[in-house]
Amino acid sequence: SGLTPERLARILRGAAQGDHLDYLTLAEEMEERDLHYASVLGTRKRAVSGLDPVVESASDDPKDVDLADWVREQIVDSPQFGALVDECLDGLGKGYAAVEIMYARGAQWLPTEYRWRDPKFFQFDLATGRELRLRDMAAVDGLPLPPYKFITHIPRLKSGIPARSGLARLAATAYMCKAYALTDWLRFAEVFGLPL
């Protein structure tokens, strides 16, 4: 609410420079409030999540074939794998997504659940703008992601730094214009739509 051209420009400029908290809030609101944007984004997500995953062995070596079979049985055929794909596709609108892997501990650590994590908990490194890191108030550059704990999806929708590649960035101006138009129509209907 209260989105103006000046505020939108400030949000997009801040996101490009590494301060993307307001941009992530805007992207979330756009997906919740703009029916057309949500529909187009949902179509893209369902197009990918509807595909059947394929696991191929790296070679005909029996070890590679066994490993591919294990991955197929333990990971891809599990009911949680579809949820993982859906959660990763949140990166289409925002430019990136991170999903935390929850493990069952034992002789073999196996993933039991994949939990979507709010993108606001992450940031890109300051040097390259390409490495996703955990946001930390004590570390300006954030903290490295713990190994084997997160699955990240950074879609290559356009060239350049990932913080500038989300679909929400492209649709933000149209969203703002539609919000102005809708507000004006509601004001008109409130004043002139009342019966005499």
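Reply: What follows is a set of questions and answers about a predicted model.

Me: How do you know how far the predictor trusts this model?

Reply: The predictor gives a confidence, pLDDT, from 0 to 100 for each residue. The protein averages 91, and 98% of the residues score at least 70.

Me: Where is confidence lowest, and where is it highest?

Reply: The lowest mean, 87, belongs to helix H7, residues 167-192. The highest, 97, belongs to strand E6, residues 150-153.

Me: What makes up the fold, and in which order?

Reply: The protein has seven helices and six strands. Along the sequence the pattern reads α-α-α-α-α-α-β-β-β-β-β-β-α.

Me: How do you know how the protein compares with a compact globule?

Reply: By its radius of gyration: a compact globule of 196 residues would have a value near 16 Å, whereas the protein has 21 Å. The C-alpha trace spans about 80 × 40 × 30 Å along its principal axes.

Me: What share of the contacts joins residues 24 or more positions apart?

Reply: Taking contacts with a separation of 6 or more, such residues account for 56%.

Me: Is aspartate 125 buried or exposed, and why?

Reply: Buried means under 20% relative accessible area. Aspartate 125 has a relative accessibility of 7%, so it counts as buried. This aspartate lies in the loop between strand E3 (122-124) and strand E4 (132-136). Setting aside residues up to four places away in sequence, aspartate 125 touches Arg130, Glu131, Arg133 and Asp141. From aspartate 125 to leucine 145 is 20 residues in sequence and 11 Å in space, C-alpha to C-alpha.

Me: Is tyrosine 148 buried or exposed, and why?

Reply: The cut-off for exposed is over 50%. Tyrosine 148 has 71% relative accessibility and therefore counts as exposed. Tyrosine 148 is in the loop between strand E5 (139-144) and E6.

Me: What is phi of tyrosine 148?

Reply: Phi of tyrosine 148 is near 65°, a positive value in a residue other than glycine. In general, most residues other than glycine have a negative phi.

Me: Why is leucine 143 called partly exposed?

Reply: Partly exposed covers what falls between the buried cut-off, under 20%, and the exposed one, over 50%. Leucine 143 is at 35% relative accessibility, so the label is partly exposed. Leucine 143 is found in strand E5 and touches Arg133, Leu134 and Asp136, leaving out residues up to four places away in sequence.

Me: Why is tryptophan 116 called partly exposed?

Reply: Its relative accessible area is 31%, so tryptophan 116 counts as partly exposed. Tryptophan 116 lies in strand E2, residues 110-117.

Me: Which residues is tryptophan 116 in contact with, leaving aside neighbours within four places in sequence?

Reply: Contact means heavy atoms within 4.5 Å, and on that basis tryptophan 116 is in contact with Glu87, Asp90, Ala98 and Val99. Tryptophan 116 and phenylalanine 150 are 34 residues apart along the chain, and their C-alpha atoms are separated by 9.7 Å.

Definitions and conventions:
Residues are numbered from 1 along each chain as its sequence is written. This is a predicted model: local features need pLDDT of at least 70, side-chain atom pairs count only at pLDDT 80 or more; totals for chains, interfaces and linings use all residues. Side-chain values use heavy atoms; hydrogens and water are left out. Helices (H or I, at least four residues) and strands (E, at least two) are DSSP runs, numbered from the N terminus. The radius of gyration is taken over C-alpha atoms; the globule rule is 2.2 Å times the number of residues to the power 0.38. Buried means under 20% relative accessible area, exposed over 50%, partly exposed in between (1.4 Å probe, protein chains only).
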